[in-house]
Amino acid sequence: MDTPLNTIAVVGLGTMGTGIAEVLARAGREVIGIDISDAAASQAVTVLEASTARAVERERITEEERRNTLARFRTFSDLHAAADADLVIEVVPESYEAKQQVFRALDAIVRPGTILATGTNALSVTRLAADSEHPERVLGLHFFNPAPAMKLVEVVSSVLTSPIAVEAVTTLARELGKEPVAVGDRPGFVADGLLFGYLNQAAAMYEAKYASREDIDAAMKLGCGLPMGPLALLDLIGIDTARTVLEAMYTESRDRLHAPSPILKQLSEAGLTGRKTGRGFYSYAAPGTSVLVPDALTPQPAAEGAAGREIRSVGVAGSGTMASGIAEVFAKAGYEVVLAARSPEKAETAKARIAKSLARSVDKGRMTAEVREATLGRITPAGSLDAFAEVDLAVEAVAEDLDIKQELFATLDKVCKEGAVLATTTSSLPVVACARATSRPQDVIGMHFFNPAPAMKLVEVVRTVLTSDEVHATVREVTTKIKKHPVDCGDRAGFIVNALLFPYLNNAIKMVEEHYATLDDIDAAMKLGGGYPMGPFELLDVVGLDVSLAIEKVLHREFRDPGLAPAPLLEHLVAAGCLGRKTGRGFREYARR
């Protein structure tokens with residue numbers, strides 16, 4: 001196994017196999033592509049020809065390098081072509097029978113020192129290795145799609161795998177320009193182990209008709225900075241593939257969060273498996289394309305007569321970062337804003353914070369000094385909620401404490417004029433509880449902004465069973481006017497974003513508790529393999545471990561699912577006062593400012 005891995009066979013020339021072959025050939029390896037389908041082999045060559053031609057056009061490689069790359073890729077229909085390979089990577093369908101058939105055949109073909117790697121992301125590497133004549137040479141080599149672009153490679157060891165084999169493929173991955181992460185053998189490994197639980201919960205949320213597919217996807221893209229929404233990603237991955245991965249995960253974990261949502265079975269068995277068939281959660285112009293076409297579920301333009309109330313002035317209650325940010329957003333959009341805090345001094349401090357934010361925008365050329373002054377001129381600080389007497393919309397952004405919010409809404413009920421819309425920015429508390437503190441629950445709604453409010457485009461519009469259609473229409477119109485993207489959701493814990501985000505974060509903590517992977521490897525896996533802007537532990541430390549724990553508890557209390565119980569490590573860190581960046585220590589330590 002200490003022979004350099006120069007000649008590599010790739011068995012299975014579907015999308016992933018072809019991508020891996022391209023990565024290897026471009027890196028100077030001799031690549032033997034094997035597929036029982038001549039059409040698949042021919043298509044692989046066509047794909048490599050096209051991608052290298054694009055690389056020449058973009059001046060990333062020369063024409064000579066292109067010719068050499070193509071010459072290094074040869075295709076065959078017989079496994080015996082792998083006889084001289086130093087490494088064989090199988091990327092056949094996710095089936096033990098199919099993969100075991102390949103490994104048994106290879107045992108009789110390749111040299112004893114040849115490393116055999118499976119590209120599975122759902123099946124047990126140990127089970128495949130145990131069935132081999134040389135289990136010590138079998139491991140997992142999990143690339144991510146598209147293989148040429150994605151940097152992550154998970155190197156998966158079983159208890160039988162030789163460290164020499166692991167070292168050899170890890171070195172290869174680095175030479176390919178990839179970032180290898182060493183993990184143990186369990187379904188989903190790190191990236192998919194976290195990703196597919198999240199995707200499953202999104203499918204269940206859609207199935208329950210809690211939110212539309214468009215709103216779920218928009219919420220996760222705009223609220224978390226993800227490159228794709230979960231339902232669109234399921235269509236890309238293949239709904240049947242996702243179901244297979246989740247079945248394998250559930251078999252091992254027995255965690256209800258991994259039990260495939262019934263809609264995945266329904267769509268799979270109907271042949272609606274995503275982009276590859278032209279229809280999944282969405283409908284596509286043709287099989288294999290990414291071009292969406294309207295279908296019966298596509299949102300229609302709002303009907304005439306759905307207009308809401310006129311909003312000219314807005315009251316924002318609170319003096320913290322969120323309140324200041326929301327006031328800034330409304331003032332920039334041209335609304336007259338009353339910014340009320342518990343004292344005139346706190347209100348002036350909040351306005352000063354807005355002034356600094358606007359000054360930074362001027363410095364960066366995003367607005368003129370004149371616009372800055374006009375925006376500030378529309379903000380009136382006040383030391384009492386009495387100043388809200390004439391506002392058309394009152395938005396509270398005070399502490400995330402139900403007693404405090406209910407007391408505030410009771411005050412708003414007395415102070416605000418008839419017809420004023422009353423909104424809460426809560427991220428985890430029941431909006432209806434705030435509504436019931438007033439004599440006009442039909443006028444109360446949730447407007448969940450994301451931090452920092454001036455930059456984040458998403459607003460979750462949360463209507464209760466008591467919210468009127470007119471108030472709902474009003475808030476959607478206002479949200480659009482302040483250049484935010486509204487998504488509709490019902491009044492339940494976590495709404496869309498937090499209900500999907502925090503179980504994922506909690507599961508990442510459990511991976512560390514179980515010593516399955518390190519903080520750094522998990523963060524790297526999700527950034528490089530999932531395209532996440534931050535790894536889960538980076539994000540937890542930014543959000544605050546105390547805030548995260550509070551949201552986890554609310555989700556667990558609401559849904560009563562054992563899988564949502566906060567990870568003990570999170571509780572221990574909060575109890576120790578390690579709350580993240582704000583205290584200088586959370587999952588990592590930070591330099592004090």
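**Salt bridges**

A search of this predicted model as a whole finds 29 salt bridges, a salt bridge being a side-chain nitrogen of Lys or Arg within 4 Å of a carboxyl oxygen of Asp or Glu. Residues are numbered from 1 along each chain as its sequence is written, and side-chain values use heavy atoms, with hydrogens and water left out. Because the model is predicted, local features need pLDDT of at least 70 and side-chain atom pairs count only at pLDDT 80 or more, whereas totals for chains, interfaces and linings use all residues.

Select aspartate 86 and arginine 111. Their closest N and O atoms are 2.8 Å apart, and the two residues form a salt bridge. Aspartate 86 is in the loop between β3 (73-76) and β4 (87-90), and arginine 111 is in the loop between α4 (96-107) and β5 (115-118); the pair links distant parts of the chain, 25 residues apart. Helices here are DSSP runs of H or I with at least four residues, strands are runs of E with at least two, and both are numbered from the N terminus. Aspartate 86 is buried, at 9% relative accessible area, whereas arginine 111 is partly exposed at 34%. Buried means under 20% relative accessible area, exposed over 50%, and partly exposed in between (1.4 Å probe, protein chains only).

Next, select aspartate 392 and lysine 417, a salt bridge in which the closest N and O atoms are 2.7 Å apart. Aspartate 392 lies in the loop between β11 (379-382) and β12 (393-396), and lysine 417 in the loop between α15 (402-415) and β13 (421-424), so this pair ties together parts that are 25 residues apart in sequence. Aspartate 392 counts as buried, with 7% relative accessibility; lysine 417 counts as partly exposed, with 24%.

Move to lysine 527 and glutamate 538, whose side chains meet in a salt bridge at 3.1 Å, N to O. Lysine 527 belongs to helix α19 (residues 519-530) and glutamate 538 to helix α20 (residues 536-543), so the pair joins parts 11 residues apart in sequence. Lysine 527 is partly exposed, at 32%, and glutamate 538 is partly exposed, at 21%.

To complete this stage, select Glu90, Glu94 and Lys99, which are linked in a network of salt bridges.

**The nonpolar cores**

Select Tyr198, Phe281, Phe388, Leu412, Ile496, Ile522 and Phe537: these have the most contacts inside the largest nonpolar core, which has 104 residues. Helix α18 (residues 497-513) gives the most to this core, with 11 residues. A nonpolar core is a set of buried Ala, Val, Leu, Ile, Met, Phe, Trp, Tyr and Cys residues joined through side-chain atoms within 4.5 Å.

Centre the view on phenylalanine 537. Leaving aside residues up to four places away in sequence, phenylalanine 537 touches Ala508, Ile509, Val512, Leu519, Ile522, Asp523, Phe587 and Arg588, where contact means heavy atoms within 4.5 Å. A second, separate core has 34 residues, among them Val316, Met367, Leu393 and Ile482.

**Helix α7**

Select residues 191-207, which make up helix α7. At 1.5 Å a residue, its 17 residues should span 24 Å, and its end C-alpha atoms are 24 Å apart, in agreement; the expected span is 1.5 Å times one less than the number of residues. Of the 17 residues in α7, 14 are buried, and the helix is mostly covered. Lysine 209 follows α7 and has a positive phi, near 60°.

Select threonine 18 in helix α1 (residues 15-26). Threonine 18 counts as buried, at 9% relative accessibility. Not counting residues up to four places away in sequence, threonine 18 touches Leu13, Ala44 and Val47.

Then select proline 148, in the loop between β6 (138-143) and β7 (152-157). Proline 148 counts as partly exposed, at 41% relative accessibility. With residues up to four places away in sequence set aside, proline 148 touches Gly19, Glu22, Val23 and Lys178. From proline 148 to arginine 366 is 37 Å, C-alpha to C-alpha, and the two are 218 residues apart in sequence.

**The whole chain**

The C-alpha atoms fill a box of roughly 85 × 50 × 50 Å, taken along the principal axes. Of the 593 residues, 53% count as buried. Among contacts in the chain with a separation of 6 or more, 69% are between residues 24 or more positions apart.
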